[in-house]
Amino acid sequence: MGLPEFDMIATDTVEEACSLFFGYGADAQLFAGGTDLFIKMKQRRLLPRMLINIKRIPALDRIRYDADEGLRIGALTAIQSIRDSTVIGEKFRVLSQAAGVLGTPQIRNLGTLGGNLANASPSAEFAPPLLILEASVRCVGPGGERLVPMNEFFVGPGKSVLSQGELITEVHVPDSPLRAQAIYLKHSLRTMDVSMAAAAALVLLDGDVCREVRIALGAVAPTPFRAGKAEEALRGKRLSGDSKDRALLEEVGRIAADESRPIDDLRGYASYRRKVVAMLVRQGLEQAIARARN
Ligand SMILES: Cc1cc2nc3c(=O)[nH]c(=O)nc-3n(C[C@H](O)[C@H](O)[C@H](O)COP(=O)(O)OP(=O)(O)OC[C@H]3O[C@@H](n4cnc5c(N)ncnc54)[C@H](O)[C@@H]3O)c2cc1C
C-alpha cells in the first residue's frame with residue numbers, strides 16, 4: 001500500500017516548528033528521518049494531513065561535549081553520526097553500541113535520535129542506555145522549555161510526556177562516574193530487527209566492591225525501565241572474582257526477569273523473553289565488571 005495524501009511544510013527554526021505543530025494540532029506530525037512515520041502512514045496507523053519537516057533546523061543536528069556540561073546530542077542527529085562520533089565512542093561507548101545495532105545502514109543514516117525517543121516504542125534502542133546514563137530530554141513547546149529526566153519521559157507504549165506542539169530539541173547526558181563501565185546488549189531474531197529484549201548495565205567498582213550499578217531493560221514492559229530491585233541485589237556486594245560471582249549475577253538476572261512484564265507477540269513469547277532478560281542482564285554485568293577490572 002502506498003502513502004496516503006499529505007502536505008509538507010518545512011521550517012528552519014524551533015519556534016516556527018512549535019507554532020506550526022501546535023496550530024495544525026492532531027492533523028500534523030513532525031517529519032525527521034521518516035523511518036517510523038512513513039511505515040505507520042503506509043499501514044494507515046497514522047493519517048496526518050500535514051507533515052512539518054524539521055530536518056532543516058541546523059541547531060538540532062550536532063553533538064557537543066564539555067567536561068562541565070557533559071554530552072549534548074541534538075534531536076536531529078542521525079543514528080549513524082552517533083555511531084561515528086569519536087567523543088561518544090570514547091566516553092559514552094554504550095550509546096555507540098546501541099547505535100551500531102539499530103536497524104540497517106539505511107535506517108541508521110536516515111533515522112534520528114529524537115525520532116527514536118518520540119516514537120516511544122518499548123523497544124526504542126536508545127532508551128536503556130540513556131536510562132542508565134541518567135540522561136534528560138530537552139523539550140520545547142508553546143509553553144516554553146523543560147528538561148525531562150529519561151525515567152519520566154515514557155508513559156506507555158507509543159506514549160511519551162510530549163504534549164501537542166512540543167518537540168524534542170536535544171538529549172543531555174551527564175558525565176558518568178569516573179571508571180564506570182557500561183554495556184548494551186540486544187536480542188532479536190536478526191540484527192536489523194527491533195529487539196525482543198534488551199538490557200543496558202553500568203557498573204562502578206571500588207576495589208572488589210560494586211559501588212554503583214544501574215540496569216535498564218527494553219522491549220519487556222509497556223515502557224523501557226530501570227530494574228531497581230535487581231540493582232539493589234548487587235549494589236554494595238563484594239565480587240570475589242570466582243564462581244560465587246556467577247551465582248550472584250545469575251540471581252540478579254533472575255530478579256530483573258521478575259521485574260519485567262513482557263507480552264507474547266510476533267517477536268517472541270513472554271516466557272522466553274523473561275529467560276532472555278535474565279541472560280542479557282547476567283552477560284551485560286559480567287562484561288561491564290570485566291572491563292571495570294582492567
Ligand atoms: C527496517 C526498520 C528497522 C528498524 N530497526 C529499529 C531498531 O532496531 N531499533 C529501534 O529502536 N528502532 C528501529 N526502527 C525504528 C526507527 O527507524 C527509529 O526509531 C528511528 O530512530 C526513528 O527516527 P526518525 O527520525 O526516522 O523518526 P520519524 O519517523 O521522522 O518520526 C517518528 C515519530 O517521532 C516524531 N518526531 C520525530 N522527531 C521528533 C522530535 N524532534 N520531537 C518530537 N517528535 C518527533 C514524529 O512526529 C513521528 O511521530 C526501525 C525502522 C525500520 C523501518
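Predicted model: local features only at pLDDT ≥ 70, side-chain atom pairs only at ≥ 80, totals over all residues.
**Strands, buried residues and the ligand shell**

Colleague: How many bridges join strand 12 to strand 13?

Modeller: Strand 12 and strand 13 form a hairpin with two residues between them, and G207 in the turn has a positive phi of about 65°. Two strands count as paired if DSSP finds at least two bridges between them. Strand 12 and strand 13 run antiparallel, and the number of bridges joining them is nine.

Colleague: Which residue of strand 12 stands opposite H187?

Modeller: Strand 12 (residues 197-206) has nine of its ten residues buried, where buried means under 20% relative accessible area, exposed over 50% and partly exposed in between (1.4 Å probe, protein chains only). Strand 11 (residues 181-187) also pairs with strand 12, in the antiparallel sense over seven bridges. In strand 12, the residue opposite H187 is A197.

Colleague: Is A219 buried or exposed?

Modeller: A219 is placed in the loop between strand 13 (209-218) and strand 14 (225-226). Its phi is positive, about 70°, although A219 is not a glycine. With a relative accessible area of 9%, A219 is buried.

Colleague: What is the relative accessible area of R44?

Modeller: R44 is another residue other than glycine with a positive phi, near 60°. The loop that holds R44 runs between helix 2 and strand 3 (50-53). R44 is partly exposed, and its relative accessible area is 35%.

Colleague: Why is strand 6 described as largely enclosed by the rest of the structure?

Modeller: From strand 6 (residues 136-141), S136, R138 and V140 point one way, while V137, C139 and G141 point the other way. The residues on both sides are buried. Strand 6 is therefore largely enclosed, since the number of its six residues that are buried is six.

Colleague: Which residue in strand 10 is the bridge partner of V140?

Modeller: Strand 6 forms a hairpin with strand 7, with two residues between them. These two strands pair in the antiparallel sense over six bridges, and G141 has G144 of strand 7 as its bridge partner. Strand 6 is also joined to strand 10, running antiparallel to it, by five bridges. In strand 10, V140 has as its bridge partner L167.

Colleague: Which helix gives the most to the shell around the ligand?

Modeller: The ligand is surrounded by 31 residues, the closest being Q29, G33, T35, T112 and E125; a residue counts as near if one of its heavy atoms lies within 4 Å. Strand 2 (28-31), helix 2 (37-42), helix 7 (113-118) and strand 10 (167-173) each supply at least two residues of this shell. The contributor of the most residues, with four, is helix 7.

Colleague: How many residues of the shell around the ligand are charged?

Modeller: Ala, Val, Leu, Ile, Met, Phe, Trp, Tyr, Cys and Pro count as nonpolar, Asp, Glu, Lys and Arg as charged, and the others, Gly among them, as polar. The shell has 16 nonpolar and eleven polar residues. The number of charged residues is four.

Colleague: How far is an oxygen atom of the ligand from an N or O atom in the side chain of T112?

Modeller: T112 lies in the loop between helix 6 (105-110) and helix 7 and is buried, with a relative accessible area of 8%. A polar atom of its side chain also lies 3.1 Å from the backbone nitrogen of G115. A polar contact is a pair of N or O atoms within 3.5 Å; within protein, one must be able to donate a hydrogen and the other to accept it, and residues adjacent in sequence count only if both atoms are side-chain atoms. From the side chain of T112 to the ligand oxygen, the distance is 2.6 Å.

Colleague: What percentage of the accessible area of the ligand does the protein cover?

Modeller: A backbone N or O atom of L30 lies 2.8 Å from an oxygen atom of the ligand, and a polar side-chain atom of K186 lies 2.9 Å from a ligand oxygen. Accessible areas come from the Shrake-Rupley method with a 1.4 Å probe; for residues, only the protein chains shown count as cover. On its own the ligand has 990 Å² of accessible area, of which the protein covers 90%.

Key:
Residues numbered from 1 in each chain as written. Heavy atoms only, no water.
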